[in-house]
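Please open the structure in the viewer and keep the selection panel at hand.

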Amino acid sequence: MDEIFTELTKKNKGQTVLFIIMSVLNVIISGVFCKFVEEVNLIKKQAEQISHDEELTMYFSLLIAVSIMCIIFSAWIMQIICKTVFEARKNVNIQFKLMGLSSKSLSNQYIKSFLKYQVIAVPIGIVFMEISYYILSGLLELDSRVIEPVGVVISIGLHLLIVFINLILTFYKCAKFNPLEEMRDSKKIGVVRQLKKSDAVMFVIGIVLFVVGAVSGDSDNMVLKILPIVGIFLILDIVIILFNKLMVIISNKVKALSVEISHRITLGNYKKLSPIISTLIVGVMVSLGLIGMFESIREISRRTVQQNIYFKELLVNSDVIEHRSQKEYEDKVSAIDPEAEISYGINLEMKDDQDIVNTIYAVDSTYGIYGEKMVLADDTDPSKNLDDENFDGIYLPDYFISNSKIGEKYELKLGNETFEFTIAGRFKANGSRGRYGYISKSYLQKKMGFDMVNALYIHAASDDLINELENDSNVKDRYVVTKTDIENNSYENAINGVEIFEFSAFVIILISLIMFIHYAAANSMQNKQEIVRLKAMGVSEAVLRKTYNMQALSIFTIAFIIGGILAYGFINVGITMILEFIDVPIEVKFPWLVMIITYIFMNLVGCFTMKMSVEGAYTDKINEYVTDN
């Protein structure tokens with residue numbers, strides 16, 4: 001039976017080759033993205049050294065889900081390809097059924113046959129998996145450049161599990177058909193998708209959610225911001241169907257025959273095209289959304305520093321011959337530049353209970369005038385506490401702790417001495433600058449037993465004064481931090497290591513493009529049937545060629561329009577998720593250039609694929625097809 005099955009299924013080799021190619025791709029995706037999940041967890045642990053905020057933890061969990069989504073989408077395409085292979089061999093399947101082969105036996109033949117292909121696909125997939133990861137890890141500047149043997153074994157196991165489940169679910173389901181019914185209706189074509197009452201209900205719910213989310217306007221509530229995205233997904237089918245129906249009406253009025261036919265074909269094949277269009281939309285939304293979100297957050301971080309940092313230079317005398325008091329510095333400054341505006345403090349590097357260095361700024365109320373804007377998350381002013389020599393509290397950045405941590409003890413070590421502070425509040429951080437916090441300068445001076453300062457926040461000063469301070473002979477070691485330094489560092493720290501996710505998102509678009517290519521290849525026979533009918537109706541060859549190009553163009557256009565709108569909402573939701581307090585104007589940096597380049601590339605590939613799919617239908621093969629049928 002195996003030999004008979006192999007002999008009878010030699011036709012439709014293209015579908016078998018496509019399955020092998022997709023198996024190779026699935027090995028690559030499984031391996032690369034499993035490794036990415038491992039790398040993301042490492043980045044997450046690094047981020048936790050800066051931030052303990054639960055929202056950021058949820059953010060990383062969502063980004064890990066992007067990698068998992070790519071694996072799921074790859075498995076989904078394999079399931080579609082398996083089903084298409086079975087349907088492409090309809091005549092062979094009918095013959096086996098008429099020979100008395102049971103559904104289970106027919107399914108088992110397909111499963112055994114397709115599992116054999118893994119002997120070819122897996123080794124090729126492993127080679128390309130390692131090559132792909134080596135290149136990508138270099139581009140993304142990851143520490144690990146190869147997928148270790150354990151990772152390779154896990155990837156192969158995951159791939160084979162996906163293949164095996166797909167084969168069982170697909171072939172056992174497909175093999176349950178009545179051969180006589182299939183023979184009676186062997187030429188059936190797609191049914192035009194009609195709108196139903198359930199569609200109307202979904203439309204009303206979707207519009208309500210969209211309006212509620214839109215009316216909320218500038219609300220920082222993430223749930224309200226996500227409502228328009230949910231609403232659009234609920235009305236997605238209706239919008240696409242109505243768009244195609246509208247294009248049919250308009251093109252009919254303006255006598256654009258190729259446009260009209262292409263949209264009629266799309267409506268007729270909507271059941272097959274719907275998952276492709278949906279995947280394209282999700283791919284565009286996630287990829288453009290992630291890129292735009294990351295760039296917007298970086299820009300917001302940069303602008304926050306520009307707006308809220310008041311000093312132009314921070315001078316820290318980390319090692320001196322003799323400690324100097326604030327009064328001594330003030331006298332020296334006054335003698336050189338009486339108009340100078342400087343805030344004085346103590347800058348220390350202390351280790352927390354995780355043995356991680358925290359930069360502690362001991363300041364007073366002048367810091368809010370000459371240093372930087374300092375506002376607590378509850379909008380209270382901390383300046384009075386910072387002038388209190390008995391205030392043992394510490395203020396930590398909003399991205400580092402959540403509200404639930406307020407009131408807890410926070411221990412820091414300076415050498416062998418341990419200082420215990422009480423977390424007094426969260427301040428709205430001016431950029432992402434690692435672990436740092438503010439305490440009362442006078443309290444620290446009292447604890448240390450002497451009146452000294454080592455940090456000068458210079459808001460305004462003459463060049464002579466700055467030169468004198470930077471070349472003070474009493475200072476053995478110092479470091480200078482400018483506002484520009486903080487701005488650049490904050491930009492880099494705002495979102496670190498996210499290139500993995502940007503790449504992951506583009507894989508979703510690639511997968512949806514493969515789905516479209518598969519649709520075009522699998523639909524080749526139906527295209528011939530449609531072309532025969534259209535040519536019989538007098539439609540010219542030139543119009544037919546334009547028709548299928550227009551179908552690809554319209555599919556990608558509506559996917560990018562809807563996906564682009566959703567991406568804009570995705571960016572807003574992402575910004576709200578990561579940045580809790582934003583006091584600078586938000587200008588969403590939408591990646592227009594990336595969108596345009598991707599759109600053009602997708603259309604070129606789509607039009608070429610459709611051209612190859614229907615090329616044979618314009619030649620004498622039409623006559624052969626008509627004769628045979």
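Begin with the cysteines: how many disulfides does the count come to? In this predicted model, the count comes to 0 disulfides, judged by whether a pair of cysteine sulfur atoms lies within 2.5 Å. A disulfide is a covalent bond between the sulfur atoms of two cysteines. Select C34 next; this residue is partly exposed, with a relative accessible area of 27%. C607 also counts as partly exposed, at 22% relative accessibility.

**Aromatic pairs**

Turn now to the rings. Over the whole structure, a search finds 21 aromatic pairs. Select F19 and F114, which form one of them: the pair is edge-to-face, with 4.5 Å centre to centre and 65° between the planes. Distant parts of the chain are linked here, since F19 belongs to helix α2 (residues 13–48) and F114 to helix α5 (residues 103–116), 95 residues apart.

Which residues do ring pairs link into a cluster with Y367 and Y438? The cluster consists of F311, Y361, Y367, F427, Y436, Y438 and Y457.

For a contact of another kind, select R145 together with Y134. R145 lies over the face of the Y134 ring, at 4.1 Å from the ring centre.

**Salt bridges**

Colour the charged side chains for the next stops. The search of the whole structure finds 15 salt bridges. Select E299 and R302, whose side chains meet in a salt bridge with an N to O distance of 3.8 Å. Both residues sit in helix α13 (residues 270–308), and because E299 and R302 are 3 residues apart there, about one helical turn separates them. Both E299 and R302 are buried.

K332 and E468 are the following selection. Their side chains meet in a salt bridge of 3.3 Å, N to O. This pair links distant parts of the chain, with K332 in helix α14 (residues 326–336) and E468 in helix α18 (residues 463–470), 136 residues apart. E468 counts as partly exposed, at 32% relative accessibility.

Proceed to D379 and K428, which form a salt bridge whose closest N and O atoms are 2.7 Å apart. Where do the two partners lie? D379 is found in the loop between α15 and α16 (383–386), and K428 in the loop between β6 (417–427) and β7, so the pair ties together parts 49 residues apart in sequence. D379 is exposed, with a relative accessible area of 55%, while K428 is partly exposed, with a relative accessible area of 23%.

Salt bridges that share partners join E299, R302, R303 and E487 into one network.

**Two single residues**

Select D319, a residue of strand β1 (residues 313–320). D319 is partly exposed, with a relative accessible area of 33%. Which residues does D319 touch, not counting those up to four places away in sequence? The contacts of D319 under that condition are V475, K476 and D477.

S402 is buried, with a relative accessible area of 10%. Show S404 alongside S402: the two side chains make a polar contact of 2.9 Å.

Definitions and conventions. Residues are numbered from 1 along each chain as its sequence is written. This is a predicted model: local features need pLDDT of at least 70, side-chain atom pairs count only at pLDDT 80 or more; totals for chains, interfaces and linings use all residues. Side-chain values use heavy atoms; hydrogens and water are left out. Rings of Phe, Tyr and Trp (its six-membered ring) pair if their centres lie within 6.5 Å; planes under 30 degrees apart count as stacked, over 60 as edge-to-face and the rest as tilted. Helices (H or I, at least four residues) and strands (E, at least two) are DSSP runs, numbered from the N terminus. A charge sits over a ring if NZ of Lys or CZ of Arg is within 6 Å of the ring centre and within 35 degrees of the ring normal. Buried means under 20% relative accessible area, exposed over 50%, partly exposed in between (1.4 Å probe, protein chains only). Contact means heavy atoms within 4.5 Å. A salt bridge is a side-chain nitrogen of Lys or Arg within 4 Å of a carboxyl oxygen of Asp or Glu. A polar contact is a pair of N or O atoms within 3.5 Å; within protein, one must be able to donate a hydrogen and the other to accept it, and residues adjacent in sequence count only if both atoms are side-chain atoms.
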